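Please open the model in your viewer and keep the selection tool at hand.

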Amino acid sequence: MWRMLAVWAVATATMLTLAALLPDFRLESPHGDSITRIAVTAALGAGGFGVLQALVWPLLVRALLLVPALVLGLLVFFLNGSLLLLALRLNPSGRGGAAWETAVVVAAAMSAVASATGTALTVHDDAAYRRRLSRLAGRRRRRAGPYPTTPGTVFVQLDGVGHDVLDRAVDEGLMPTVARWLGRHREGETEDSRRGTHRLTRWRTDWSSQTGASQLGILHGSNHDVPAFRWYEKDTGEVVVCNRPSSAHELQRRATVRTGDAGLLGTDGASRGNLFGGGAQQLALVLSTTARRAPGSRSRAGYFAYFRDPANAVRTAVSFVAEVVREVTQAVGARLRGDRPRVSRGGLYPLIRAFATVVERDVVVAAVIGDMLVGRTAVYADLVAYDEVAHHSGPYSRDAFKVLGRLDRSLALLDEVAQHAPRPYRIVVLSDHGQSPGETFRGRFGEALGDLVRDGCGLPVPRRAADAPTGAGRPAGTPSGAEARGAARAALGRPVEEGEGSALRGRPARRREPVVLASGNLGLVSFADVPHRMTRQEIERRHPALLATLADHPGVGFVLVADERHGGVVLGPHGAVLPLSGLDEDPGPLAGFGPGAVAAVRRTHTFPHAADIMVNSRYDPVTGEVLAFEEQIGSHGGLGGAQGEPFLLWPCSLSAPDADGVPLVGAERLHGVFRRWLGEAAAPRLPRQAARRPDGSGGTAPAAASDETVGSPPH
């Protein structure tokens, strides 16, 4: 009660202060009133405003979940202002009034001050702090029975953060929470590794080192036939793009059919900010659901949980504007310093960066807090902030490393919330891939990959291709960009990019032209008029100079094509042709790409939708640089360098990820490890012979399906 009265007093003082500062906001009659009467009017107005926010505000926000999420964030200010005007109109004193635009400002200021005051007063009160976190997360889920005592697991994905980047950030003191978990000094030395609560290791991605392939494998257990971030499918005539909602939905469906399993989060799970749902029933900012679900479905629940507190909208809006200003300032600074390499950072990019580093981060973290406070068993959340900044500023830039510091504070918040959760929680932190630095292919050679392909085919290179800001040769409607672009479009209510996927249809005069797509430093060349995957011999008969033009180019590391005699071959410079079956003895141009490159190339060659020609850029093992076919100076998607070496940070209470002796190679391997960890939390377990498959056949079911926990919540 005393805290409520204190917040009311501060809100009253704020209203009096704003009335003195703003000419269009008054708390007295036109003829003037005494100080006492003005104070009473302010107190009644502040009290009425608070009551309306508590009772009416949640209903308004829930009713407006049909509008796009970012529009909802903007409407918050106007709705808040309307509640203030209503409170003034209902004021028993009959005094007070404000212009509409002034009411918006006053309401925002009062919400922010009241929230800050409430936070300050409850910072040392565990019970009050827990209640406040519950309100932030939304209405607590009703349960039948007590909370389980077995631990839940929260998987936090720091998108694009390579093992070397995380290690360096910890050494430089930018991530104190991670350093504390690892038991490290600020200088990076290990004080006593036994005192750390977590362990750190690296794992190796597939050839397609990008979120679509990695997250599909982690959450659904299979990323078969995902050759890149974007590729052309001849059987459907579609360009599949992992950050397009309809494509993400289809990839998730295919993985579910292949594995026969809902996913990692199928048992009381939540998916937050991901490309895929993982079988979870609780969804927020999940791209694969925005294409098929009706607006206002549970995929919007994360926005409701966040925006139901008006102070959150105020804080996020201020941070959003600050981030836009920060990006513009950093871009101008990079240009004035003459930084090289450098890419364009204009257009909508500052807004997309602000969405990724502020809006999506805040909403996802709030949703995870809600999941922990209602005791969900498994949560998987993706924070894309670093990946978005590193693409344009560089993976080792000061701009990107500052983002890591802010992400560490999010981890610290989750760690603190775990102390107030109704069940113990284990926090696992991982990345889906890293990023490799380097100049763009076009920046180094003055031509895009599409130009090189057209030249090798003897086709004219359009003048506009040389001036295209995102690289020529890609079909219209597949813009360069990271995961945040698709999430931002979904939040705006425009999840499907116009023209994307159908860009090759209805153009019979150009169907013989090659379709050239880029995924980081991996290029894919397809011939749409040939229904099957072309072999090396077919390509050479059709375009005799093309393969040699690509393989001999100084910016190309190697080329993969099918072959009539050997099944598949890798092409290198000076006419080198190496069958896939003989790469163990002589890896040829793959030698410099590190261990696992041969196996990764062989696996991708078996994919039904592998392109006619798979082109990997050159990689310099000394500098760790690649040449991106997209306009990114920090890239991922192919082989070469840090992009293929993400990290895994796990609590010591869990078994070692390689405890079974199998190395951590491929996203599907991580799915198995995470399944095992979720099974380790289930206690008591069913007897092994009782865990039969649903069809009654012998053998045991997967751990997550067969291990049951006493008192676990209903789905």
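Predicted model: local features only at pLDDT ≥ 70, side-chain atom pairs only at ≥ 80, totals over all residues.

Residues are numbered from 1 along each chain as its sequence is written, and side-chain values use heavy atoms, with hydrogens and water left out.

Switch to a surface: the protein exposes about 28,800 Å², of which carbon and sulfur atoms supply 57%, the areas coming from the Shrake-Rupley method with a 1.4 Å probe and, for residues, only the protein chains shown counting as cover. Of the 715 residues, 57% count as buried, a term that means under 20% relative accessible area, with exposed meaning over 50% and partly exposed in between (1.4 Å probe, protein chains only). Among the contacts in the protein with a separation of 6 or more, 72% are accounted for by residues 24 or more positions apart, contact meaning heavy atoms within 4.5 Å.

Select residues 245–259, helix α10, whose 15 residues should span 21 Å at 1.5 Å a residue, and whose end C-alpha atoms are 21 Å apart, which agrees; the expected span is 1.5 Å times one less than the number of residues. Its buried residues are Pro-245, Ser-247, Ala-248, Leu-251, Gln-252, Arg-254 and Ala-255, and what covers them includes α9 (211–220), β5 (230–233), β6 (238–241) and α11 (287–290). Just after α10, Gly-260 takes a positive phi of about 70°.

Next select residues 667–681, helix α24, whose 15 residues should also span 21 Å at 1.5 Å a residue, and whose end C-alpha atoms are 22 Å apart, which agrees. In α24, 11 of the 15 residues are buried, so the helix is largely enclosed by the rest of the structure; among them are Arg-669, His-671, Phe-674, Arg-675 and Trp-677.

**A helix pair**

Two packed helices are described by the angle between their axes and the distance between the axes. Show α14 together with helix α16 (residues 398–418): their axes come within 10 Å and cross at roughly 15°. That makes α14 roughly parallel to α16, since angles under 35 degrees count as roughly parallel, over 145 as roughly antiparallel, 65 to 115 as roughly perpendicular and the rest as oblique. The axes are lines fitted to C-alpha atoms, for helices over the stretch in contact, and angles run from 0 to 180 degrees between N-to-C directions. To see the contact, display Arg-361, Val-365, Val-368, Ile-369, Met-372 and Leu-373 of α14 with Arg-406, Ser-410, Leu-413, Leu-414, Val-417 and Ala-418 of α16.

**Backbone exceptions**

Most residues other than glycine have a negative phi, and most peptide bonds are trans. Go to the loop between α13 (310–337) and α14 (349–373), where Pro-341 lies; the peptide bond from Arg-340 to Pro-341 is cis, with omega near -5°.

In the loop between α23 (597–605) and β17 (613–617), select Pro-608, which is exposed, with a relative accessible area of 57%. Leaving aside neighbours within four places in sequence, Pro-608 is in contact with His-224 and Asp-225.

Finish at Leu-524 in strand β13 (residues 522–527), a buried residue with a relative accessible area of 2%. Not counting residues up to four places away in sequence, Leu-524 touches several residues, including Ala-228, Trp-231, Val-516 and Ile-613. The C-alpha atoms of Leu-524 and Ala-228, 296 residues apart along the chain, are separated by 8.3 Å.

Notes. Helix = DSSP H or I, 4+ residues; strand = E, 2+ residues; numbered from the N terminus.
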